[in-house]
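Reader: I am new to this structure. Please take me through its terms and show what each one rests on.

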Amino acid sequence: MKFPAPVSVKWIANLIGAELSGNTEGIATGINEIHKVEPGDLVFVDHPKYYNKCLHSDATFIIINQKTECPEGKALLIVDNPFEAYQTIVRHFRPFKPAAKPISDSATIGEGTYIAPNVYIGHEVSIGKDCFIGPNVTIMEHCVIGDNVIIQAGTVIGSDAFYYNTKKDRAVWYKKMESGGRVVIESDVEIGAGCTIDRGVSHDTRIGRGSKLDNMVHIGHDTVLGANCLLAAQVGIAGATTLGNGVILWGQVGVSKTLTIGDNAVVLAQSGVGTTLEGGKVYFGTPVEEANNKKRELVWVKRIPEIWEKIKGIK
(Lines give C-alpha, C1' and ligand atoms only; values in the text may rest on other atoms or scores of the structure.)
Protein backbone atom coordinates (compact mmCIF):
# COMPACT_ATOMS: atom_id res chain seq x y z
CA MET A 1 0.00 0.00 0.00
CA LYS A 2 1.50 3.31 -1.05
CA PHE A 3 0.89 6.30 1.19
CA PRO A 4 -0.87 9.31 -0.36
CA ALA A 5 2.43 11.16 0.11
CA PRO A 6 5.80 10.11 1.58
CA VAL A 7 6.04 10.47 5.37
CA SER A 8 9.01 10.65 7.70
CA VAL A 9 9.91 7.54 9.66
CA LYS A 10 9.92 9.76 12.77
CA TRP A 11 6.23 10.50 12.19
CA ILE A 12 5.51 6.77 11.79
CA ALA A 13 7.42 6.00 14.99
CA ASN A 14 5.32 8.57 16.85
CA LEU A 15 2.11 7.13 15.41
CA ILE A 16 2.85 3.61 16.66
CA GLY A 17 4.84 4.52 19.77
CA ALA A 18 8.07 2.95 18.52
CA GLU A 19 11.69 3.35 19.57
CA LEU A 20 13.59 4.35 16.45
CA SER A 21 17.12 3.29 15.50
CA GLY A 22 19.23 3.34 12.36
CA ASN A 23 18.34 5.81 9.60
CA THR A 24 16.14 8.10 11.66
CA GLU A 25 15.89 10.66 8.86
CA GLY A 26 14.36 8.24 6.35
CA ILE A 27 11.19 8.80 4.36
CA ALA A 28 8.65 5.97 4.03
CA THR A 29 6.55 5.63 0.88
CA GLY A 30 4.32 2.70 1.84
CA ILE A 31 3.71 -0.42 3.91
CA ASN A 32 3.85 -3.97 2.63
CA GLU A 33 3.93 -7.60 3.66
CA ILE A 34 7.15 -9.51 3.19
CA HIS A 35 6.33 -11.15 -0.17
CA LYS A 36 5.75 -7.79 -1.87
CA VAL A 37 8.10 -5.30 -0.20
CA GLU A 38 9.86 -2.61 -2.22
CA PRO A 39 12.48 0.02 -1.32
CA GLY A 40 10.87 2.73 0.78
CA ASP A 41 8.37 0.30 2.35
CA LEU A 42 7.70 -0.56 5.96
CA VAL A 43 7.37 -4.23 6.89
CA PHE A 44 6.68 -5.89 10.22
CA VAL A 45 8.18 -8.99 11.83
CA ASP A 46 7.29 -10.51 15.20
CA HIS A 47 9.06 -13.89 15.19
CA PRO A 48 12.83 -14.56 15.37
CA LYS A 49 12.48 -17.12 12.58
CA TYR A 50 11.80 -14.29 10.11
CA TYR A 51 14.06 -11.54 11.49
CA ASN A 52 16.87 -12.14 9.02
CA LYS A 53 14.53 -12.37 6.02
CA CYS A 54 12.88 -9.05 6.87
CA LEU A 55 16.08 -7.24 7.80
CA HIS A 56 17.67 -8.17 4.47
CA SER A 57 14.56 -7.75 2.30
CA ASP A 58 13.95 -4.76 0.02
CA ALA A 59 12.05 -3.04 2.85
CA THR A 60 13.75 0.11 4.15
CA PHE A 61 11.95 0.24 7.49
CA ILE A 62 11.33 -2.75 9.76
CA ILE A 63 8.81 -2.80 12.61
CA ILE A 64 10.27 -5.36 15.02
CA ASN A 65 9.84 -6.48 18.62
CA GLN A 66 13.51 -6.81 19.55
CA LYS A 67 16.58 -4.61 19.42
CA THR A 68 19.06 -5.95 16.89
CA GLU A 69 21.77 -4.74 14.54
CA CYS A 70 20.28 -2.56 11.83
CA PRO A 71 21.49 -2.94 8.23
CA GLU A 72 23.07 0.19 6.76
CA GLY A 73 20.58 2.70 5.36
CA LYS A 74 17.59 1.11 7.08
CA ALA A 75 15.68 1.92 10.24
CA LEU A 76 14.18 -0.23 12.97
CA LEU A 77 10.94 0.71 14.70
CA ILE A 78 10.97 -1.28 17.94
CA VAL A 79 7.60 -2.01 19.57
CA ASP A 80 6.18 -4.72 21.82
CA ASN A 81 3.59 -5.83 19.26
CA PRO A 82 4.60 -5.28 15.60
CA PHE A 83 1.34 -6.78 14.31
CA GLU A 84 -0.78 -4.21 16.14
CA ALA A 85 1.58 -1.47 14.96
CA TYR A 86 1.04 -2.61 11.37
CA GLN A 87 -2.72 -2.54 11.93
CA THR A 88 -2.52 1.00 13.30
CA ILE A 89 -0.73 2.24 10.17
CA VAL A 90 -3.16 0.57 7.77
CA ARG A 91 -6.19 1.87 9.68
CA HIS A 92 -4.75 5.38 9.63
CA PHE A 93 -4.31 5.44 5.86
CA ARG A 94 -7.30 3.22 4.98
CA PRO A 95 -9.91 4.10 7.63
CA PHE A 96 -13.31 2.43 7.46
CA LYS A 97 -15.88 4.71 5.83
CA PRO A 98 -19.52 3.55 6.00
CA ALA A 99 -21.41 3.47 2.72
CA ALA A 100 -24.27 5.97 2.41
CA LYS A 101 -25.49 4.88 -1.01
CA PRO A 102 -25.01 2.00 -3.50
CA ILE A 103 -22.60 4.01 -5.66
CA SER A 104 -20.20 6.27 -3.76
CA ASP A 105 -19.98 9.92 -4.74
CA SER A 106 -16.19 9.53 -4.73
CA ALA A 107 -16.28 6.82 -7.42
CA THR A 108 -15.41 7.79 -10.99
CA ILE A 109 -17.12 6.04 -13.90
CA GLY A 110 -16.04 6.49 -17.51
CA GLU A 111 -18.15 7.44 -20.50
CA GLY A 112 -20.16 4.63 -22.05
CA THR A 113 -19.96 2.33 -19.03
CA TYR A 114 -23.17 0.47 -18.14
CA ILE A 115 -23.98 -0.14 -14.48
CA ALA A 116 -26.77 -2.70 -13.97
CA PRO A 117 -29.29 -2.60 -11.09
CA ASN A 118 -28.20 -3.62 -7.57
CA VAL A 119 -24.51 -2.89 -8.18
CA TYR A 120 -22.43 -1.64 -5.24
CA ILE A 121 -19.43 0.60 -5.97
CA GLY A 122 -17.38 1.71 -2.97
CA HIS A 123 -15.38 4.81 -2.10
CA GLU A 124 -12.54 5.94 -4.39
CA VAL A 125 -13.26 3.30 -7.05
CA SER A 126 -12.22 4.12 -10.60
CA ILE A 127 -13.98 2.50 -13.59
CA GLY A 128 -12.92 3.23 -17.16
CA LYS A 129 -14.83 3.72 -20.39
CA ASP A 130 -17.20 1.31 -22.17
CA CYS A 131 -17.37 -1.25 -19.36
CA PHE A 132 -20.27 -3.59 -18.54
CA ILE A 133 -20.93 -4.10 -14.84
CA GLY A 134 -23.61 -6.79 -14.40
CA PRO A 135 -26.37 -7.06 -11.79
CA ASN A 136 -25.40 -7.58 -8.14
CA VAL A 137 -21.70 -6.95 -8.75
CA THR A 138 -19.78 -5.54 -5.75
CA ILE A 139 -16.67 -3.42 -6.27
CA MET A 140 -15.06 -2.50 -2.96
CA GLU A 141 -13.09 0.60 -2.01
CA HIS A 142 -10.05 1.87 -3.93
CA CYS A 143 -10.32 -0.73 -6.72
CA VAL A 144 -9.35 0.27 -10.27
CA ILE A 145 -11.09 -1.03 -13.41
CA GLY A 146 -9.71 -0.26 -16.89
CA ASP A 147 -11.55 0.35 -20.18
CA ASN A 148 -13.75 -2.16 -21.99
CA VAL A 149 -14.00 -4.51 -19.00
CA ILE A 150 -16.91 -6.94 -18.57
CA ILE A 151 -17.86 -8.10 -15.07
CA GLN A 152 -20.72 -10.57 -15.01
CA ALA A 153 -23.49 -10.87 -12.42
CA GLY A 154 -22.75 -11.54 -8.77
CA THR A 155 -18.99 -11.10 -8.86
CA VAL A 156 -17.17 -9.49 -5.90
CA ILE A 157 -14.09 -7.37 -6.58
CA GLY A 158 -11.92 -6.30 -3.66
CA SER A 159 -13.08 -8.49 -0.78
CA ASP A 160 -10.71 -8.65 2.18
CA ALA A 161 -7.67 -10.92 2.00
CA PHE A 162 -7.77 -14.32 3.67
CA TYR A 163 -4.68 -13.44 5.67
CA TYR A 164 -4.18 -13.79 9.42
CA ASN A 165 -1.56 -13.24 12.07
CA THR A 166 -1.25 -16.61 13.84
CA LYS A 167 -0.30 -17.07 17.47
CA LYS A 168 -1.36 -20.27 19.26
CA ASP A 169 -0.55 -18.95 22.73
CA ARG A 170 -3.71 -16.83 22.81
CA ALA A 171 -7.45 -17.60 22.94
CA VAL A 172 -8.03 -16.44 19.35
CA TRP A 173 -5.29 -18.00 17.26
CA TYR A 174 -5.97 -16.18 13.99
CA LYS A 175 -6.23 -12.39 14.00
CA LYS A 176 -7.29 -10.67 10.83
CA MET A 177 -4.76 -8.49 9.06
CA GLU A 178 -6.32 -5.31 7.73
CA SER A 179 -6.39 -5.28 3.93
CA GLY A 180 -4.88 -2.03 2.68
CA GLY A 181 -4.27 -3.11 -0.91
CA ARG A 182 -6.39 -2.84 -4.04
CA VAL A 183 -7.61 -4.87 -6.99
CA VAL A 184 -6.45 -3.48 -10.33
CA ILE A 185 -8.19 -4.88 -13.41
CA GLU A 186 -6.55 -3.78 -16.63
CA SER A 187 -8.39 -3.02 -19.88
CA ASP A 188 -10.16 -5.62 -22.06
CA VAL A 189 -10.60 -8.13 -19.23
CA GLU A 190 -13.72 -10.28 -18.89
CA ILE A 191 -14.72 -11.71 -15.52
CA GLY A 192 -17.49 -14.31 -15.32
CA ALA A 193 -20.41 -14.65 -12.92
CA GLY A 194 -19.89 -15.42 -9.25
CA CYS A 195 -16.14 -14.77 -9.18
CA THR A 196 -14.31 -13.46 -6.13
CA ILE A 197 -11.11 -11.43 -6.36
CA ASP A 198 -9.51 -10.47 -3.04
CA ARG A 199 -7.73 -7.17 -2.59
CA GLY A 200 -4.07 -7.23 -1.68
CA VAL A 201 -3.12 -7.29 1.97
CA SER A 202 -0.94 -4.29 1.34
CA HIS A 203 -0.09 -4.43 -2.38
CA ASP A 204 -2.27 -4.85 -5.49
CA THR A 205 -4.04 -7.90 -6.80
CA ARG A 206 -3.76 -7.41 -10.55
CA ILE A 207 -5.54 -8.94 -13.56
CA GLY A 208 -3.53 -8.31 -16.73
CA ARG A 209 -4.88 -6.83 -19.93
CA GLY A 210 -7.00 -9.11 -22.10
CA SER A 211 -7.30 -11.89 -19.53
CA LYS A 212 -10.56 -13.86 -19.36
CA LEU A 213 -12.02 -15.52 -16.26
CA ASP A 214 -14.87 -18.03 -16.41
CA ASN A 215 -17.57 -18.32 -13.75
CA MET A 216 -16.80 -19.16 -10.09
CA VAL A 217 -13.09 -18.33 -10.20
CA HIS A 218 -11.31 -17.23 -7.02
CA ILE A 219 -8.18 -15.08 -7.03
CA GLY A 220 -6.36 -14.68 -3.70
CA HIS A 221 -4.75 -11.54 -2.27
CA ASP A 222 -1.73 -9.95 -3.96
CA THR A 223 -1.88 -12.37 -6.89
CA VAL A 224 -0.76 -11.03 -10.26
CA LEU A 225 -2.03 -12.35 -13.60
CA GLY A 226 -0.14 -11.37 -16.72
CA ALA A 227 -1.73 -10.34 -20.00
CA ASN A 228 -4.05 -12.66 -21.95
CA CYS A 229 -4.45 -15.36 -19.33
CA LEU A 230 -7.39 -17.78 -19.58
CA LEU A 231 -8.92 -19.28 -16.41
CA ALA A 232 -11.76 -21.80 -16.68
CA ALA A 233 -14.52 -22.34 -14.12
CA GLN A 234 -13.74 -23.13 -10.48
CA VAL A 235 -10.06 -22.30 -10.68
CA GLY A 236 -8.69 -21.22 -7.28
CA ILE A 237 -5.43 -19.32 -6.85
CA ALA A 238 -3.95 -18.64 -3.41
CA GLY A 239 -2.26 -15.44 -2.29
CA ALA A 240 0.81 -13.69 -3.69
CA THR A 241 1.11 -15.99 -6.72
CA THR A 242 2.32 -14.72 -10.10
CA LEU A 243 1.07 -15.96 -13.47
CA GLY A 244 2.99 -14.91 -16.55
CA ASN A 245 1.47 -13.82 -19.85
CA GLY A 246 -0.73 -16.25 -21.75
CA VAL A 247 -1.12 -18.81 -18.95
CA ILE A 248 -4.12 -21.16 -19.29
CA LEU A 249 -5.64 -22.92 -16.27
CA TRP A 250 -8.46 -25.31 -17.12
CA GLY A 251 -11.39 -26.15 -14.86
CA GLN A 252 -10.90 -26.77 -11.12
CA VAL A 253 -7.16 -26.21 -11.14
CA GLY A 254 -5.89 -25.29 -7.67
CA VAL A 255 -2.76 -23.18 -7.30
CA SER A 256 -0.85 -22.78 -4.03
CA LYS A 257 0.54 -19.52 -2.64
CA THR A 258 3.66 -17.46 -3.45
CA LEU A 259 4.72 -19.42 -6.53
CA THR A 260 5.17 -18.51 -10.18
CA ILE A 261 3.74 -20.03 -13.36
CA GLY A 262 5.76 -19.04 -16.42
CA ASP A 263 4.54 -17.49 -19.67
CA ASN A 264 2.30 -19.63 -21.88
CA ALA A 265 2.13 -22.57 -19.49
CA VAL A 266 -1.04 -24.71 -19.70
CA VAL A 267 -2.38 -26.64 -16.69
CA LEU A 268 -5.01 -29.25 -17.48
CA ALA A 269 -8.26 -29.66 -15.55
CA GLN A 270 -8.37 -30.73 -11.88
CA SER A 271 -4.62 -30.39 -11.41
CA GLY A 272 -2.96 -29.22 -8.20
CA VAL A 273 -0.07 -26.79 -8.56
CA GLY A 274 2.17 -26.75 -5.50
CA THR A 275 5.48 -25.55 -6.95
CA THR A 276 6.73 -22.99 -9.45
CA LEU A 277 6.24 -24.08 -13.07
CA GLU A 278 8.38 -23.32 -16.10
CA GLY A 279 6.61 -21.56 -18.95
CA GLY A 280 5.78 -22.97 -22.36
CA LYS A 281 4.83 -26.48 -21.16
CA VAL A 282 1.63 -28.46 -20.55
CA TYR A 283 1.03 -29.84 -17.04
CA PHE A 284 -1.38 -32.29 -15.44
CA GLY A 285 -2.05 -34.10 -12.17
CA THR A 286 -1.79 -33.67 -8.41
CA PRO A 287 0.95 -32.92 -7.66
CA VAL A 288 1.30 -31.47 -11.12
CA GLU A 289 3.89 -32.77 -13.59
CA GLU A 290 4.47 -32.38 -17.30
CA ALA A 291 1.35 -33.83 -18.87
CA ASN A 292 2.98 -36.50 -21.05
CA ASN A 293 5.00 -37.86 -18.13
CA LYS A 294 1.93 -37.95 -15.89
CA LYS A 295 -0.18 -39.73 -18.48
CA ARG A 296 2.50 -42.41 -18.95
CA GLU A 297 2.60 -42.84 -15.18
CA LEU A 298 -1.17 -43.37 -15.07
CA VAL A 299 -0.94 -46.02 -17.79
CA TRP A 300 1.57 -47.96 -15.68
CA VAL A 301 -0.54 -47.55 -12.55
CA LYS A 302 -3.48 -49.16 -14.37
CA ARG A 303 -1.24 -52.11 -15.29
CA ILE A 304 -0.22 -52.85 -11.68
CA PRO A 305 -2.90 -55.59 -11.14
CA GLU A 306 -1.87 -57.30 -14.39
CA ILE A 307 1.83 -57.13 -13.49
CA TRP A 308 1.13 -58.44 -9.99
CA GLU A 309 -0.70 -61.45 -11.36
CA LYS A 310 2.26 -62.22 -13.61
CA ILE A 311 4.64 -61.96 -10.64
CA LYS A 312 2.49 -64.37 -8.62
CA GLY A 313 2.49 -66.78 -11.58
CA ILE A 314 6.28 -66.76 -11.70
CA LYS A 315 6.43 -67.65 -8.01
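Author: Here are questions and answers on domains, pockets and cores.

Author: This is a predicted model, where local features need pLDDT of at least 70, side-chain atom pairs count only at pLDDT 80 or more, and totals for chains, interfaces and linings use all residues. Residues are numbered from 1 along each chain as its sequence is written, and side-chain values use heavy atoms, with hydrogens and water left out.

Reader: What makes a residue part of the lining of the largest pocket?

Author: A pocket is an open set of points on a 1 Å grid over the protein atoms alone, where a 1.4 Å probe fits, with protein on both sides within 12 Å along at least five of seven lines; a lining residue has an atom within 4 Å of a point. In the largest pocket, 29 residues pass. Ile34, His35, Tyr50, Tyr163 and Tyr164 lie nearest its centre. Domain 1 and domain 2 each supply at least three lining residues.

Reader: What is the volume of the largest pocket?

Author: About 750 Å³. Grid points are joined across faces, edges and corners, and the volume is the space filled by probe spheres set on them.

Reader: Why is the second largest pocket said to lie between the domains?

Author: Both domain 1 and domain 2 give residues to its lining, so the second largest pocket lies between them. Its volume is about 440 Å³. The lining has 20 residues, with Arg94, Pro95, Phe96, Glu141 and Ser179 nearest the centre.

Reader: What makes a set of residues a nonpolar core?

Author: The members are buried Ala, Val, Leu, Ile, Met, Phe, Trp, Tyr and Cys residues, joined through side-chain atoms within 4.5 Å. Buried means under 20% relative accessible area (1.4 Å probe, protein chains only). The largest such core has 43 residues. Ile139, Leu231, Leu249 and Ile261 have the most contacts inside it. A second, separate core has 27 residues, including Ala13, Leu42, Ala75 and Val90.

Notes. Domain bounds come from an automatic or database domain assignment. Buried means under 20% relative accessible area, exposed over 50%, partly exposed in between (1.4 Å probe, protein chains only).
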